Amino acid sequence: QVQLVESGGGLVQAGGSLRLSCAASGRTFSSYAMGWFRQAPGKEREFVAATTRSGLRTFYADSVKGRFTISRDNAKNTVYLQMNSLKPDDTAVYYCAAEQIMSEITVATMTDPGDFGSWGQGTQVTVSS
């Protein structure tokens with residue numbers, strides 16, 4: 001399994017921006033679909049965004065579409081989540097996730113935490129009003 005380490009979280013005012021990074025270990029990063037999930041206090045972990053192995057296709061939860069952008073740099077073994085126009089409802093611990101896949105077609109349906117086998121430790125994002 002790949003090891004994942006998130007960074008970039010913090011406190012930001014509503015309307016502001018943050019960029020999260022997730023660094024992965026190993027030499028097979030390009031064989032993994034990558035995703036971002038978040039979990040607010042008292043709530044279940046929910047899907048935010050995912051990208052295919054190449055990074056050419058991306059998928060988003062309706063709640064973040066148009067505000068968040070997932071991208072990856074396979075040369076750096078890193079996936080990013082650019083978050084703009086942040087709202088207090090975006091406050092949560094954000095987790096990076098990875099799953100080795102054979103077909104990029106499956107990434108479109110990978111919106112459940114159980115679809116991913118490797119997880120980072122999470123990074124806190126707090127948006128103040």
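Strands, the stretches labelled E by DSSP, need at least two residues, helices are DSSP runs of H or I with at least four, and both are numbered from the N terminus. This is a predicted model, in which local features need pLDDT of at least 70 and side-chain atom pairs count only at pLDDT 80 or more, while totals for chains, interfaces and linings use all residues. Residues are numbered from 1 along each chain as its sequence is written, and side-chain values use heavy atoms, with hydrogens and water left out.

**View 1. S21 sits in strand β3.**
Let's start with this serine. Is S21 buried or exposed? Its relative accessible area is 17%, so S21 is buried (buried means under 20% relative accessible area, exposed over 50%, and partly exposed in between, using a 1.4 Å probe and protein chains only). Skip the neighbours within four places in sequence, and S21 is in contact with V5, E6, S7, W36, T78, V79 and Y80 (contact means heavy atoms within 4.5 Å). Now look for S129: it is 108 residues away from S21 along the chain, and their C-alpha atoms are separated by 24 Å.

**View 2. C22 and C96 are joined by a disulfide.**
A disulfide here is a pair of cysteine sulfur atoms within 2.5 Å. The sulfur atoms of C22 and C96 are 2.1 Å apart. Which parts of the chain does the pair link? They are distant ones: C22 belongs to strand β3 (residues 18–24) and C96 to strand β9 (residues 92–100), 74 residues apart. The angle about the S-S bond is -80°, and the link is left-handed. Both cysteines are buried.

**View 3. W119 lies in strand β10 (residues 118–119).**
This tryptophan has 26% relative accessibility, so W119 counts as partly exposed. Leaving out neighbours within four places in sequence, W119 is in contact with L4, F37, R45, Y95, C96, A97 and P113. How far from W119 is R19 in space? The two are 18 Å apart, C-alpha to C-alpha, and 100 residues apart in sequence.

**View 4. G114 is in the loop between β9 and β10.**
With a relative accessible area of 63%, this glycine is exposed. Pick out L56 as well: G114 and L56 are 58 residues apart along the chain, and 23 Å separates their C-alpha atoms.

**View 5. The protein chain has eleven strands and zero helices.**
Zoom out, and the pattern along the sequence reads β-β-β-β-β-β-β-β-β-β-β. The radius of gyration is 14 Å, close to the 14 Å that the globule rule gives for 129 residues, so the chain is as compact as a globular protein of that length (the radius is taken over C-alpha atoms, and the rule is 2.2 Å times the number of residues to the power 0.38). Along its principal axes, the C-alpha trace spans about 40 × 25 × 25 Å. Buried residues make up 45% of the 129 residues. Of the contacts with a separation of 6 or more, 61% are between residues 24 or more positions apart.
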